[in-house]
Each structure stands twice: as C-alpha cells, then as structure tokens.
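Here is a brief report on one protein chain. Please look over the sequence and the structure before reading on.

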Amino acid sequence: MTGSGTTVGVTDIHGRLLDHKPVIQSEIKYFLKEFETKRSNRDFDKLEQSLAGITDIKSEQLPEVMQLMERQLPEILVQISAATTTCQRLIDSEEQHLQANPLEEHRKLRAKRWAEFREKLTQERDQVDIEHRKRITAIEEHFELHTQKLALE
C-alpha cells in the first residue's frame, strides 16, 4: 500500500503543482462576474445619463426652441423671399443681357451703316465719272471745233 499511497501522494502533489485548471476556472468565473457587474453598471449609468439628457431636452429646451422658431420663422421666410426675388431679377437681367448683346447689335448697325456709306460713295463716284466724261467730251468737241475753224481759215 505504500506504493499506492506514494502514487496518490505524487498524483496529489502533481495535481496541485502542475494542474491549475480549478484555480484558473475560479479566476475566470470571478473575472466574468466582475466584468458583467461593472459592464451592467456602466451601461445602466449611460442609460440614466441619456434619459436625463432626453428629459431635459424634452421639458426645457424643446419648448424654448419651438417658441424661438415660431418668432423667427416669419422673418426668415421674408428674407428668403427677398433673396429669391433679388436672385430672379439678377437672372432675368443676365438673360436679357445675353439675349440683347448690345455689342453685337452695335457691330451689325456699324456694318450696315458702313455698307450704306460705301454704296453712297460708289454712286457719287459714278456720277462724278459720268460728269467728268461729259466735260471731257465737251472739251474735246470744243477743241475740235476750234481746230476745224482754224483749219478753214
């Protein structure tokens, strides 16, 4: 029996020295219990803080914000309307400017006047040329007439 007692003693010593399973399991259970307790307390505290914040917003800030909004909303709408009207006037003005394009109209008008001026100049030049030819012809006839008179004499 001494051999089996020694075996039991060695197994017991071996179990206590090298087998840490029961100790680790108890530590794990303790850690989990503490973690869950702290976590649930932390979660509960956060929920309480959230509830307090929401209650504060609902009871105090929401009515104040609603009153402020009711006072300011008509003024804001008037300002938005004025801004919209101003923007629309600017858009209309820009569209008229783009459609009218005064520079292009002036260019076309100048081109038309220039063409009329050149046409008038051409007509006057033609009249001067015709008048010049008539006078040259008259002078030639007059010169010829004098030449014939001189030749007869």
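The sections below cover confidence, fold, surface and salt bridges.

## Model and confidence

This is a predicted model. The protein chain averages a pLDDT of 83. At least 70 is the score of 87% of the residues.

## Fold

The protein chain has 3 helices and 0 strands. Along the sequence the pattern reads α-α-α. Helix α2 covers residues 21-100.

## Burial and surface

How many of the 153 residues count as buried? The share is 0%. Buried here requires under 20% relative accessible area. The accessible surface of the protein chain comes to about 14,800 Å². Carbon and sulfur atoms account for 61% of that surface.

## A nonpolar patch

Eight names make up one nonpolar surface patch: Ile57, Leu62, Met66, Met69, Leu73, Ile76, Leu77 and Ile80.

Take isoleucine 80 as an example. This residue sits in helix α2 (residues 21-100). Its relative accessible area is 48%, so isoleucine 80 is partly exposed. A patch residue needs over 30% relative accessible area, and isoleucine 80 has 48%.

## Salt bridges

Side chains of opposite charge can pair when their charged atoms come close. The count of salt bridges in this model comes to 2.

One joins arginine 125 and aspartate 126. Their closest N and O atoms are 3.7 Å apart. Arginine 125 is partly exposed, at 49% relative accessible area. Aspartate 126 is partly exposed too, at 36%.

Another links the side chains of glutamate 131 and arginine 135, at 3.7 Å from N to O. Where do these two residues lie? Both are in helix α3, 4 residues apart, which is about one turn of the helix. Is glutamate 131 buried or partly exposed? Glutamate 131 has a relative accessible area of 38%, so this residue is partly exposed. Arginine 135 reaches 56% relative accessibility and therefore counts as exposed. The cut-off for exposed is over 50%.

Note on methods: Residues are numbered from 1 along each chain as its sequence is written. This is a predicted model: local features need pLDDT of at least 70, side-chain atom pairs count only at pLDDT 80 or more; totals for chains, interfaces and linings use all residues. Side-chain values use heavy atoms; hydrogens and water are left out. pLDDT is the predictor's confidence in each residue, from 0 to 100. Buried means under 20% relative accessible area, exposed over 50%, partly exposed in between (1.4 Å probe, protein chains only). Accessible areas come from the Shrake-Rupley method with a 1.4 Å probe; for residues, only the protein chains shown count as cover. Patches are made of residues with over 30% relative accessible area and no salt bridge: like charges are joined within 9 Å, nonpolar side chains (Val, Leu, Ile, Met, Phe, Trp, Tyr) within 5 Å. A salt bridge is a side-chain nitrogen of Lys or Arg within 4 Å of a carboxyl oxygen of Asp or Glu.
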